[in-house]
Amino acid sequence: MSQTTPQAPACSRTGRDDSPEPEELVTCSAMPSKQKDWKRSTKRFLNRRVRITEWLPEYNRDKFVCDLIAGVTVGLTVMPQALAYATLAGLEPQYGLYSAFVGCFIYAIFGSCKDITIGPTALMALMTYQQTIGRNADFAILLCFLSGCVQLLMGVLHLGVLVDFISIPVTVGFTSATSVIIGTSQLKGLMGLKFDSSGFADNVRKVFSHAGETRIWDLVLGLSCIIILLSFRKIKDIKIGGSKPTRKQKIIMKTLWLISTSRNALMVLACSFLAYLLHEQGTESVFVLTGKLQSGLPPLQLPPFQTSFSNQTFDFTGMCTELGSSIVLVPVIAVLGNVAIAKAFASGDSIDATQELLTLGLCNVAGSFVSSMPVTGSFSRSAVNHASGVRTPMGGVYTGALILLALSLLTPYFYYIPKASLAAVIICAVIFMIEYEVVKPMWRSSRKDLVAMAATFVLCLAIGVEYGILVGVAINIVFLLYPSARPSVHVEQNTTASGISYLMVTLGNSLYFPAVDFIRASVGRAGIKQGASQLPVVVDCRFILGADYTAAKGIASLIDDFHKRKQRILFYKPRAAVLSVLHGVGLEDFIHVSTQEQLDSTLKDSSSSAGIKYNDVELHDVAAIRHKEKEAGENSVPLLPEPNLHPA
């Protein structure tokens, strides 16, 4: 029989070609394999964390054209919004533009969703406003830096799961309340009023008290802008030519769509031109104008770690104390909104929450070096980006470049923007965030969720958005923990194949310390009332996923209660994790079975060995006699006297 000569491994040697000694083997095929694995793992890591390395090698001219159109369209949308949101945040308008460009560049490098645009939003502006009331802009910039640091820390620790504890009802209540707060805060700009307010109730009260000071031309301009903006919002849905439009009809529809998506920029531009025409040197303008903006790019510098205002100096610790809970709440809300937008535009693909956390953290940290306020993803601008046909995150680069161009060349012309037009832009953006339509389906499906939603909504309006959402989350956690403290207990009477009656008590949820007393009382009450202190009780443990030491001690006390009245108690199909906890406390009388056959056998053996009778009545007949007594009525003669246990 022929023998096959074994082939030597593919190796490169130094030295002679005859039989190799061990020291002559220097490199072999395993070395290139390890290098390839290292390169592959490095590439996977870069593609996962530095996302531009994944799509940039495939970037082409077609994608460039699509991204350029989308980027310019979003840029024209973000400029008037940024000015308005800075005013909403209690800052000078140029801070809105400072906040609008850095996130675009950072997200293009690290972001995982091509549609998202990072920048100032109405929600972040409102939450920033809570920290700038009576303070200077340094607090908003430091809040941006600290928010980024918290988001980076959450990303490194993979704490994106914490966002899942904020349920949809709480989110709906929060966004609806903030929309109402933002809308009412713009009434003074819409009416040309000038006053300072703190909070929703104070703002509404002062609007009514200053209503007599309304500037009629600002009100007319603001209401006209709202009507036109809402009309322009609908023209993109106009269909021309039926199912098969001609080329000319397609161009008309595309033009209508372009007018609709850039309506904010067109409206602000038209109002600014009108204000410029009506303005006369040396006289007061017909409208309340934005005023002079600081021209040029923002200075590149460290975030302010100390500041002075109102003859007070605050160091870093003092500033953090003033910012309070917003240091945690603002970044969490920003992440919540950003992940929600990413999911909305992901088309069913999974979202890497950790990557979004890290990217948003970098956007805020980098933005704080150019005097930015806290930023996050904008749903409205992301929708415009998506509808404009963006192909890659490079669209954000063109948006950022347009903002830089505006800061460099256009800031002198922002002087003539009427505040009423900016107020109209904000109002038209937030009124569609009030999600009243979810109340009806929520009432039909889960009414307890309405409690969390209503509490969040009301408290956000009454005491502040940060406290409102915290209370809403707390209510959700209570609803989440309640089943652990009060698990479901289902009792039914069953009969074995051999004719022995017993009570099956089925417990739901886990067996942890909040539920110990409740379970002990419920099972004991079932054994006494429904089992006449005689029928064996079988505790169904199939749905109990875990247990703790307190619960184990409670089970020991429950078993002891049953033994004192000489009533059998068994446990059916407990899980291994539960058994290990219960055995850990030294339960000697803990009897458990794993199958129905074992249960039948155990009940039969215990019944025959104990020979227990109920005043000469067999144990398995007790339940039937009790049933007959119940049917006979309360005034009938008892068929079964009081228990008198004795051995057979």
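This is a predicted model: local features need pLDDT of at least 70, side-chain atom pairs count only at pLDDT 80 or more; totals for chains, interfaces and linings use all residues.

Helices (H or I, at least four residues) and strands (E, at least two) are DSSP runs, numbered from the N terminus. On that basis, select helix α23 (residues 549-564) and find H563 in it. H563 has 38% relative accessibility and so counts as partly exposed; buried means under 20% relative accessible area, exposed over 50%, and partly exposed in between, with a 1.4 Å probe and protein chains only.

Residues are numbered from 1 along each chain as its sequence is written, and side-chain values use heavy atoms, with hydrogens and water left out.

**Whole chain**

Zoom out to the protein chain, which has 26 helices and 13 strands. Of its 648 residues, 47% are buried. Contact here means heavy atoms within 4.5 Å. Among contacts between residues at least 6 apart in sequence, 77% join residues at least 24 apart. The chain exposes about 33,200 Å², with carbon and sulfur atoms supplying 60% of that area (Shrake-Rupley method, 1.4 Å probe; for residues, only the protein chains shown count as cover).

**Cores**

A nonpolar core is a set of buried Ala, Val, Leu, Ile, Met, Phe, Trp, Tyr and Cys residues joined through side-chain atoms within 4.5 Å. Which members of the largest core touch the most other members? Select L97, M127, F174, I333, I403 and F414, out of 101 residues in this core. Helix α14 (residues 326-344) gives the largest share of this core, 11 residues. Centre on F414: leaving out residues up to four places away in sequence, F414 touches M79, L83, L97, T290, G291, L293 and A406. A second, separate core has 28 residues, among them L511, A547, L582 and L587.

**A buried loop residue**

Go to the loop between α15 (353-368) and β6 (376-377) and pick S371. Is S371 buried or exposed? S371 counts as buried because its relative accessibility is 8%. Apart from neighbours within four places in sequence, S371 is in contact with Y95, Y98, I141 and Q301.

On a 1 Å grid over the protein atoms alone, a cavity is a set of points where a 1.4 Å probe fits but cannot get out; a pocket is an open set with protein on both sides within 12 Å along at least five of seven lines; lining residues have an atom within 4 Å of a point. Grid points are joined across faces, edges and corners, and a volume is the space filled by probe spheres set on the points.

For the second largest pocket, with a volume of about 740 Å³, select T87, L88, G90, K188 and F195, which lie nearest its centre among 34 lining residues. Elements that each supply at least two lining residues include α3 (61-88) and α7 (168-185).

Last, the whole structure holds 3 cavities of 30 Å³ or more. The largest cavity has a volume of about 70 Å³. Of its 13 lining residues, Y107, I116, T117, P393 and G396 lie nearest the centre. Both α4 (94-110) and α17 (395-409) give two or more residues to this lining, and α4 gives the most, with 3 residues.
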